Amino acid sequence: MRYVAGISAIALLALAPAAFGQAKKAAPAAKPAASTLERVKSSGTLKLGYRTDARPFSFKDVSGNPTGYSVDLCRAVGEAVKSKAGVADLKVEWVPVSVDNQLQAVEQHDIDALCAAVTVTLGRREHVDFSSPIVPGGVGVVVRSDSPKRLRSILNGEAVKYTPTWKAIALNVLREQVFTAVPGTTAEQWVKERGREFQVEFALTPASSYESGIQAVLDRKASAFFAERAILLDAVMSHKGGDDLTVLDRQFTYERLALPIQRGDDDFRLLVDRALSKEFQSAGYRGTYSKWFGEPNEKSEVFFRWNSLPE
């Protein structure tokens, strides 16, 4: 299937009738849904969702256990829940989810929090709430290291002067490409939006996972894979074919990643935010961040200072 995709930042990228007769007695109001802490106290279990394929945020290690940056933060949240709920033998159940059902799992209370790499958007906030931001993120792109220089130049935005001639050349180059992204991600949404805006037609194919997106580029089935940049950087470093891949310097969007939780549960959100702020301010947090992303730069340190809330 071909989509209209674009080059902006890619390249240049009834009220019912009144009742008659005798009035009926109003039905009793529905009992409000139990809060997260009430469910945890009742069951003795905290259910934490995680992605199996979103390294370095959330994935399975070689032993099959959940691990990653978001998982580490959720473990701190779990300790805070244990203390607040007063359940000394609290059981933490790790529930694997996919990009297709992860937010639905939160909304339907199948999990109490989602430990993954989820961008805060207004559309998603119609269904779930979010914790304080846990890391800055944004869309990046990976290509083969031997990809055409002109394509890399266009994607990197290196042609500064948007002249009619340069634009025409860029359009022609992009029309020849096959791009890929994981459906339902902000990366896919961003690519499609740029296409509708600038009306550049090229193929955009769905990647079933981050791994399959990377493999599509390696196998030359796709010219470029768009995804969360931190995930791309980690994939290139850890993949056996990483030497054949290049994550371009350009970051197309700037996003806040956070932990999705039940919508409208202010007490649980406060507990989660308090646990995160305490973690961000702790002496060991720098080590946690460095373990997954490398040493924090000045921008990262400012981000966490801004998002660590005082008591």
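These are my notebook entries on a predicted model.

**Entry 1: the cores**

I began with the nonpolar cores. The largest one holds 56 residues. I looked for the members that touch the most others, and they are Y69, V81, I134 and F225. Another core lies apart from the largest one. It has 21 residues, and I noted A170, L171, V200 and L204 among them.

**Entry 2: V77 in helix 2**

I stayed with helix 2 and picked V77, which lies in it. Is V77 buried or exposed? Its relative accessibility is 3%, so V77 counts as buried. I then listed its contacts, leaving out residues up to four places away in sequence. V77 touches L271, V272, A275 and L276. I also checked V77 against L48. The two are 29 residues apart in sequence. Their C-alpha atoms are 10.0 Å apart in space.

Strand 4, residues 58-60, meets strand 5 over 2 bridges, in the antiparallel sense. Here K60 stands opposite P66 of strand 5.

**Entry 3: strand 11 and its partners**

Strand 11 covers residues 139-144. I checked how many of its residues are buried, and the count is 6 of 6. Strand 11 is therefore largely enclosed by the rest of the structure. I then turned to its pairings. Strands of a sheet pair through backbone hydrogen bonds, either parallel or antiparallel. Strand 11 and strand 14 run antiparallel, joined by 5 bridges.

**Entry 4: helix 8**

Helix 8 runs over residues 229-238. I found it mostly covered, with 7 of its 10 residues buried. I wrote down the buried ones: R229, A230, I231, L232, D234, A235 and V236. What do they pack against? The strands are strand 3 (53-54), strand 11, strand 14 (224-228) and strand 15 (245-247). The helices are helix 7 (210-218) and helix 10 (285-293). I also looked at the N-terminal end of helix 8, and E228 caps it. A side-chain oxygen of E228 lies 3.2 Å from the backbone nitrogen of A230.

**Entry 5: the largest pocket**

The largest pocket contains about 770 Å³ of it. I counted 27 lining residues. P136, Q251, Y289, N297 and S300 lie nearest the centre of the pocket. Helix 8 came up again here. It gives the most to the lining of the largest pocket, with 5 residues. I noted which elements supply at least two lining residues each: strand 10 (135-137), helix 8, strand 16 (255-258), helix 10 and helix 11 (298-307).

**Entry 6: Q177 in a loop**

I looked up Q177 next. It is found in the loop between helix 5 (164-175) and strand 12 (178-181). Its relative accessible area is 11%, so Q177 is buried. What does its side chain reach? A polar atom of the Q177 side chain lies 2.8 Å from the backbone oxygen of V173. The side chains of Q177 and S223 are joined by a polar contact of 2.7 Å. Leaving aside neighbours within four places in sequence, Q177 is in contact with L151, F202, A203 and S223.

**Entry 7: N156 in helix 4**

My last stop was N156. This residue lies in helix 4, residues 149-156. Is N156 buried or exposed? Its relative accessible area is 18%, and the cut-off for buried is under 20%. So N156 is buried. N156 touches L248, D249 and R250, not counting residues up to four places away in sequence.

Key:
Residues are numbered from 1 along each chain as its sequence is written. This is a predicted model: local features need pLDDT of at least 70, side-chain atom pairs count only at pLDDT 80 or more; totals for chains, interfaces and linings use all residues. Side-chain values use heavy atoms; hydrogens and water are left out. A nonpolar core is a set of buried Ala, Val, Leu, Ile, Met, Phe, Trp, Tyr and Cys residues joined through side-chain atoms within 4.5 Å. Buried means under 20% relative accessible area, exposed over 50%, partly exposed in between (1.4 Å probe, protein chains only). Helices (H or I, at least four residues) and strands (E, at least two) are DSSP runs, numbered from the N terminus. Contact means heavy atoms within 4.5 Å. A polar contact is a pair of N or O atoms within 3.5 Å; within protein, one must be able to donate a hydrogen and the other to accept it, and residues adjacent in sequence count only if both atoms are side-chain atoms. Two strands pair if DSSP finds at least two bridges between them. On a 1 Å grid over the protein atoms alone, a cavity is a set of points where a 1.4 Å probe fits but cannot get out, and a pocket is an open set with protein on both sides within 12 Å along at least five of seven lines; lining residues have an atom within 4 Å of a point. Grid points are joined across faces, edges and corners, and a volume is the space filled by probe spheres set on the points.
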